[in-house]
Amino acid sequence: MAVLLSRLGTSSARHRFAVLAVWLLVLVAGGVGAVTLSGETSTSFSIPGQESTTALERIGEEFGQVAGGVSARVVVAAPEGGTLTTPENAAALTGLVGTLAELPGVVSATNPLDPAAPSVNQDLTTGYSTVTYDAEAGGVTPEQQDALLEAVEDARDTGLTVEVTGQAIEEVPAVGGPSEAIGVVVALVVLAVTYGALVVAGINLLTALVGVGVGVLGITIATGFTDLSSTTPILAAMLGLAVGIDYTLFIVTRHRQELARGTDVRRSIGLAVGTAGSAVVTAGLTVVIALAGLFVAGIPFLTQMGLAAAATIVVAVLVALTLVPAVLSLLGLRVLPRKGRAATAAATADAPVPARGRGFLTGWAATVSRHRVLSLLLAIVALCVVAVPVASMQTTLIQTPGEGTTQARADALLAEGFGEGINGPITVLFEGDRAVEAAGQAAGTVSGLDDVALVAPPVPNADGTAALLNVVPQSGPTTPATEQLVADLRALLGDLDGVEASVTGQTAVSVDVAQSLDAALPVYLLLVVGLALVLLVLVFRSLLVPLVGVLGFLLTIGASLGATVAVFQWGWLADVVNLDTTGPLLSLTPILVIGILFGLAMDYQVFLVSRMHEAHSHGASPLDSIRTGFRQAAPVVVAAALIMFSVFAGFVPAGEPTIKSIAFALAIGILFDAFVVRMVLVPAALALLGERAWWLPRWLRWLPVVDVEGAALDKDPGATREPELVGDPR
């Protein structure tokens, strides 16, 4: 692999203008395609074929688009001491309903005081109008949302308290923003400090942005042909930017090290792509395996998110292997700090690498490897302590709106007027010739269940073959009691004679998705860890090194999710992450964090341990190889971790609920993995294992050799020699 990649790198350097032109053409074509072919994204999460999802589709068929379309609740409260039924307030309410019904995209708006289907509390102080749109989730345009919010604002002039909530006013999250920009700026600063040259830092960031641009534009084009979640482009951008910067950093750093030895630019590029590029391919393949492996959950939207993000990773790897060498050939020796160019010009390729001073990281490696047992125990105990909150982790698809928003105020009014359960009603669909009769009989039985606050009268369809029964729980939509009520309803209504009853609604969908994800998580973890373990065994030709890496990752996952639960569920340090409300984690968080963090953690494992393996394969003792490899790779891993942390952390303060907890878990997980697992646990464990760390059983020695360290390049110098570059790169 090293020889093949080396030739690819030197070929890209030789044909640098052609490579630059191809990537520019791809970027422009992606932009044109995104403008002309893009479609709408979805803000809802559901699983086709499940009871709750199928029932929602059936409601749309049996009751028309009014029942199946996305809706908003406009909540109205009377002035203090008054009721909504006074002539003045009733007239204002009727006028508001009329205005709502005429809004763009609205197919119906109910009147809270309608005797046939009232939606007002017993005290007649609070009511709500259900405003239904002729659109699916995520299909209400910003202009339609603005018109609704303007109507709500105007209605407040009547003296009524008016707020609005619901899916219809959920904003589709956008890629890019002030906080994300801050993360990119921090990454640029880290790169500038690492390289000692702002131009090289800018080139690193620019090439990563090209990869992200191509990936996100490709996903945007895909929205015109398939239904993608609105979170998908953000997730892809976040991952693509982080790994794109890191992969370029790996190759540029190795290139600079070779130049510092006196290697000419042409050969240095080939060596960098052949060695560091091999680590990039291995690390990228691990990330792709982790993301593509999300298909085992059997959830289409999750599979689409994983494949889209994996495609962005593939683009980032291709950029690192082709575009980066082309740019490096243009820079020549300018890739080095000014002070280093003169020394490099005087050096020879055969000169030994100059001895470095002790330095902090060199001393760190010596201390950790010397006190290996203590270091190992401290790392394990620290990560286990942080992981303790995982035991109380709860998940849901229902996100609590941010404090101070109209959605939060509307939910508060509903909870005060009707009880907490009004924000998470459960709908039961009855189908069959006796549907209306069965719904009426079930209403009395359902009202006797635990946690039921109210059962509304059945609503039949036009021909009486279907009926809806709305059940309002006593507890809020994200509580265990409401989730249990969903299970109780299914157990009670699962065997009706001649009638099919299906439990649905946003709460039921959330329960179904959470249960599916919980069931898929162990299978997914086994698949991803198993495949990556095989890959690492091939790379390092060792059993114990991959095991150390994987066990360290499991500790990272525990600590990452534990810290996330403590902040987002318990509320610890909530102000630091700009968290308005606490509650269960998004159901997608655990499985996505496991998949993404596993791939990224293996990036550091491959890059760090491959340098140790390289030193060991050149005859260094086990302890010396650990210290030598650590000294060479640790600075890059530290810089890469800080960059990834800053990119992920940049997506936390913005407050977009779908991505907020995921970004936090990834950011804190990167810190734990890089600075505790890879900087302490791995070198301590390898020092404790000694020569046994590189042991491969005789019955596995038939495995193919994956040359990540570039040993074949020493035997085939011609692999890094190409015809002269146009112009003098120096």
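L573 sits in the loop that links helix 19 (544–569) to strand 11 (585–586). The model is predicted.

**Nonpolar patch**
- Four residues, W570, W572, L573 and V576, make up a nonpolar patch on the surface.
- Together they have about 500 Å² of accessible area.
- L573 has a relative accessible area of 64% and therefore counts as exposed, since the cut-off for exposed is over 50%.

- E171 is exposed because its relative accessible area is 67%.

**A buried loop residue**
- S542 is found in the loop between helix 18 (506–540) and helix 19.
- The relative accessible area of S542 is 0%, so this residue is buried; buried means under 20%.
- S542 and G363 are 179 residues apart along the chain, and 27 Å separates their C-alpha atoms.

**Domains**
- The domain assignment of the protein chain gives domain 1 as 1–43 + 190–257 + 270–336.
- Domain 2 covers 63–169.
- Domain 3 is made of 375–391 + 517–699.
- Domain 4 spans 425–504.
- Between the C-alpha centres of domain 2 and domain 3 the distance is 49 Å.

Technical notes
Residues are numbered from 1 along each chain as its sequence is written. This is a predicted model: local features need pLDDT of at least 70, side-chain atom pairs count only at pLDDT 80 or more; totals for chains, interfaces and linings use all residues. Side-chain values use heavy atoms; hydrogens and water are left out. Buried means under 20% relative accessible area, exposed over 50%, partly exposed in between (1.4 Å probe, protein chains only). Domain bounds come from an automatic or database domain assignment. Patches are made of residues with over 30% relative accessible area and no salt bridge: like charges are joined within 9 Å, nonpolar side chains (Val, Leu, Ile, Met, Phe, Trp, Tyr) within 5 Å. Accessible areas come from the Shrake-Rupley method with a 1.4 Å probe; for residues, only the protein chains shown count as cover. A salt bridge is a side-chain nitrogen of Lys or Arg within 4 Å of a carboxyl oxygen of Asp or Glu. Helices (H or I, at least four residues) and strands (E, at least two) are DSSP runs, numbered from the N terminus.
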